Amino acid sequence: MAANVPVSEKEKMSTMTDDYSLSRVPAEGKTPMWKVLMVQIGGFVALSQFMLGAELGYGMPFWDAIIATTLGSTLLEFIAFGLGVAGQREGLSTSLLSKWAGFGTLGSAIVGLTFAISLIGWFGIQNSIFAQGIISLLGGHINFALVATITGLVVTASVLFGFKGLSWTSNISVPAFIIVIGLATYNMLKGHTMTALITMAAPGTALTMSAAVTMVTGNFIIGAIIMPDLNRFNHNAKDVFMVSVVGTLIGELGVNVLGVLMAHAVGSQQIMPIIYQLTGGFGILLVIFSSVKVNDLNLYSATLDFANFFKQVFHWNLNRGMITIVAGVLGTFLSVIGLIDQFSGFLNTLGVVFPPIASIMFIDYWVLKRSRKQLDESRAKGELPEKSEVFHPVTIVAWVVGSAVGFFVNWGISSLNVLVVSGLVYFIGMKIFDKQPQETVITETAPDKEKEEDDA
């Protein structure tokens, strides 16, 4: 489109809702680092992270819990930062980037579908929790289906506007959560000295360091994998560093520390009683509403994954905004009818297949660099590469072996075992069986032609 041709409101809305789901984020689509940082922090300063800190504090002395948090965060931060920089460089979401980072066309579609199903499932579960929390605050006399429908559709509406919607909800939910944390900390320190909280024994059953580190890495693994989804909007690697490191320090470590201290002060690992005892109903209300931040991230990444799946499998260029409406309504419906409550076991099983994806993508992009030349050349033109393989057998083997380790190996730190084993299998396998990369030419439709087809 020529620079002097005005952009219609319809085109502006289409770009906003689609959010570059099937293309690179152009220079004009980049955003200030602090906006991405706020969204990243919003993913951490939430109820689930607070719950993790309370569980660690209930079963461990203060310094042991801090060591577990630091180890677990550091183990994944390296991969999270690497994937985040890759997403920033290429301007691509996680599932689309995976097409040229070890998984090929078919593998990328499978990655996208797996992520999407899992994230929609968690969206439904979080929506149920959100609705139940509101009902309990209002006395328990309101119809659950009505409240769950409203809460699900509200989150869906915010995600409809892409990253701008995420940024808007972060600017509300993050300060709200900080207010709760500040109030809870103030009330906690009125009855306990910091020295006593730090030096006291764990109030509950002892938790081993291995189990604690596994809990920390398991809580962060999805966030590490979807780092490209957010960081593709950053301008440079320095911005990614600030988002990943500062976001993790404030969110992962900061919230965990407070969760540990509050578990010691109250003598419980149940986060809602802790918050209620320290802040009252006001704190519960703000915490419930801050959970919206996590749920809109779930839905946002799911829509990117669905868009990639339909593109790779059916060659459909579906607008992410349309996918958001359908996926949001589906997740809301599942939570309303209660079916989502039976889905959590399946979602936990899916969680085992995620760590190998992060490891394979990291090794392929940063170590083997099998598609780097294609990516560099196409990036200079603002396009996607014209070639990609279908699904390399080595990737399949590494993915299966890594997942099997997660399922069946019970010693050590589970997430670390999976990352190391899948990465090694992929690296060694590619060195042996891929001395000459086997590429299948798949021509990408030119952006202008895609637009013409969509308009038709």
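Among contacts in this chain (heavy atoms within 4.5 Å) between residues at least 6 apart in sequence, 86% join residues at least 24 apart. The model is predicted: local features need pLDDT of at least 70, side-chain atom pairs count only at pLDDT 80 or more, and totals for chains, interfaces and linings use all residues. Residues are numbered from 1 along each chain as its sequence is written, and side-chain values use heavy atoms, without hydrogens and water.

**Fold and surface**
- The chain has 21 helices and 0 strands; these are DSSP runs (helices H or I, at least four residues; strands E, at least two), numbered from the N terminus.
- Of the 456 residues, 53% are buried (under 20% relative accessible area; exposed is over 50%, partly exposed in between; 1.4 Å probe, protein chains only).
- Accessible surface totals about 19,500 Å², with 68% belonging to carbon and sulfur atoms (Shrake-Rupley method, 1.4 Å probe; for residues, only the protein chains shown count as cover).

**Core**
- The largest nonpolar core holds 104 residues (buried Ala, Val, Leu, Ile, Met, Phe, Trp, Tyr and Cys joined through side-chain atoms within 4.5 Å).
- Helix H6 (residues 104-137) gives the most to this core, with 10 residues.
- Phe50, Leu56, Phe103, Met262, Ile357, Trp399 and Tyr426 touch the most other members.
- Beyond its neighbours within four places in sequence, Leu56 contacts residues including Ala65, Leu207, Met215, Asn256 and Val260.

**Nonpolar patch**
- Leu75, Leu416, Val420, Leu424, Ile428, Ile432 and Phe433 make a nonpolar surface patch of about 620 Å².
- Helix H20 (residues 414-433) gives the most to the patch, with 6 residues.
- Leu424 lies in helix H20 and counts as partly exposed because its relative accessibility is 47%.
- Patch residues have over 30% relative accessible area and no salt bridge; like charges are joined within 9 Å, nonpolar side chains (Val, Leu, Ile, Met, Phe, Trp, Tyr) within 5 Å.
- A salt bridge is a side-chain nitrogen of Lys or Arg within 4 Å of a carboxyl oxygen of Asp or Glu.
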